[in-house]
Structure formats: structure tokens, C-alpha cells
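Please open the structure in your viewer and keep the selection panel at hand.

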Amino acid sequence: WEDTGRQMEKQDLVRRRLAEAAAAANRTALQNSIFQAREHILSTALTEFCPNAECGVAFFDFTGCCALNCQNCDCPFCFWCHAAAATSLENHIHVASCPARPAEQEAGYYANDVEIAAHVKKRASERLR
């Protein structure tokens, strides 16, 4: 009878340890899920990309003219709305009157670092909604 009691205690101990291991594995899976979600947000919502579907290379910094060209595929596109253009001239014409350009932004092709940073932040915020 005593051996049976010990066996039951050992079985209970094994069950508890298995349950603890499963809980730890679940925590790890949850932590991995959170990490993956964070990486997805950083890599999609907080990063700007070339609008060319065949390219999609991320770009991080630029100064001055908002008529951009992808450094990877040379696709001309508008910084304000990310519309791709067929030519650089077509892109410049679009940028000068882009409806996505902030109302307080002076007409033309150029934006300063503060205006660029504010627009990047605004676009990221819109993508996170």
C-alpha cells in the first residue's frame, strides 16, 4: 500500500512538472509571438518602401527634393503619397501639386528635415490604425 502511495505522489509530481513545462513553453510561444508582431510593425508600419511591387526596398533617409528615385530599381516616386511615375519629369510635375503634401508645406519640390520627419510619422501612424 505504501508503494502505491509513493507511485501516486511521483505521478502527481510528474504531472505538475509537465504542466509547469507546458506553461513555460506557452509563455515562450507568447513572447515569440509578441516579438514577431513587434518586428512586423517595425518592418512594415514604421518603414518607408519603394512603391514598385517588384522592388519594395526600404528607404530611410533623404533630404531636399520630394521627387524620389529608388536607389535599387530607379523607380521615380512621390515622397508625399508614394505614387510611382513613369519618368522623372512626370514625378516632378506630380510632386509639385501632390494632394498628399501638407497644406502648410510651400508649393514646390523641397521639404526640410522637420517637414519630412513629421510626414513620415504621420504615414506611420496611419498605417498602424
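The model in view is a predicted one. Threonine 28 has its place in helix 1, residues 2-45.

Asparagine 112 caps the N-terminal end of helix 3, with a side-chain oxygen 3.0 Å from the backbone nitrogen of valine 114.

Now select helix 3 itself, residues 113-128. Its 16 residues reach 23 Å from the first C-alpha to the last, close to the 22 Å expected at 1.5 Å a residue. Which residues of helix 3 are buried? They are Ile116, His119, Arg123 and Ala124. These four lie on the same side of helix 3, because they cover an arc of only 135 degrees around the axis. On the other side of helix 3, Val114 and Lys121 are exposed.

Then turn to the largest nonpolar core, which has 18 residues. Select those with the most contacts inside this core: Phe62, Cys66, Leu68, Cys70, Phe79, Trp80 and Val95. Strand 4 (67-69) and strand 5 (76-78) are the elements that give two or more residues to the core. In soluble globular proteins, nonpolar side chains tend to be buried together.

Finally, centre the view on cysteine 70. Leaving aside residues up to four places away in sequence, cysteine 70 touches Cys50, Cys55, Cys75 and Phe77.

Notes:
Residues numbered from 1 in each chain as written. Predicted model: local features only at pLDDT ≥ 70, side-chain atom pairs only at ≥ 80, totals over all residues. Heavy atoms only, no water. Core = buried A, V, L, I, M, F, W, Y, C linked by side-chain atoms within 4.5 Å. Buried < 20%, exposed > 50% of the residue type's maximum accessible area, 1.4 Å probe, protein only. Contact = heavy atoms within 4.5 Å. Expected span 1.5 Å × (residues − 1). Arc of directions from axis to C-beta. Polar contact = N/O pair within 3.5 Å; in protein donor to acceptor, adjacent residues only side chain to side chain.
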